[in-house]
Amino acid sequence: MKVLTIKQPWATLIMQGDKRFEFRSWQTKYRGDLLIHAGKGIDKEAMKSGKILGKVTLVDCIKCDDDFKGKCLKENKDVYAKSTFIEKFAWQLENAEVFDEPIEAKGKLSLWEYDI
């Protein structure tokens with residue numbers, strides 16, 4: 001199954017349903033189930049993880065513009081206000097399913113495969 005490594009606290013915010021868009025500098029044509037891996041790299045005020053937290057569905061890859069930025073800020077200013085929006089694409093994530101037991105895994109760049 002495809003996996004995306006995301007720094008904390010963003011991985012947890014996605015799994016809680018508080019962050020529907022993950023920003024990337026690259027586009028993907030992939031659509032479907034995607035495991036979310038909380039990498040060991042962290043942003044400020046977050047903790048280390050290195051675990052697959054759960055699964056989401058990647059439903060769209062949207063090219064970012066000023067209108068989209070405004071939409072994100074209206075949706076959840078607390079989450080998106082810290083984004084620089086320099087990334088060109090927003091991956092729309094839905095149907096977050098948190099695993100009862102996170103899976104220990106070493107993260108990788110880009111989309112990567114993991115057999116569950």
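A charge is taken to sit over a ring if NZ of Lys or CZ of Arg is within 6 Å of the ring centre and within 35 degrees of the ring normal. In this predicted model, Lys2 meets that description, lying over the face of Tyr30 at 5.9 Å from the ring centre.

Contacts between the aromatic rings themselves were examined next. A pair of aromatic rings is described by the distance of the centres and the angle of the planes. The count comes to five aromatic pairs. One of these is formed by Phe21 and Tyr80, whose rings are tilted, with 6.4 Å from centre to centre and 55° between the planes. This pair links distant parts of the chain, since Phe21 belongs to strand 2 (residues 21-24) and Tyr80 to helix 3 (residues 77-80), the two being 59 residues apart. Phe21 has 0% relative accessibility and therefore counts as buried, and Tyr80, likewise at 0% relative accessibility, counts as buried.

Tyr80 also pairs with Phe23, in this case edge-to-face, with the centres 6.0 Å apart and an angle of 85° between the planes.

Technical notes: Residues are numbered from 1 along each chain as its sequence is written. This is a predicted model: local features need pLDDT of at least 70, side-chain atom pairs count only at pLDDT 80 or more; totals for chains, interfaces and linings use all residues. Side-chain values use heavy atoms; hydrogens and water are left out. Rings of Phe, Tyr and Trp (its six-membered ring) pair if their centres lie within 6.5 Å; planes under 30 degrees apart count as stacked, over 60 as edge-to-face and the rest as tilted. Helices (H or I, at least four residues) and strands (E, at least two) are DSSP runs, numbered from the N terminus. Buried means under 20% relative accessible area, exposed over 50%, partly exposed in between (1.4 Å probe, protein chains only).
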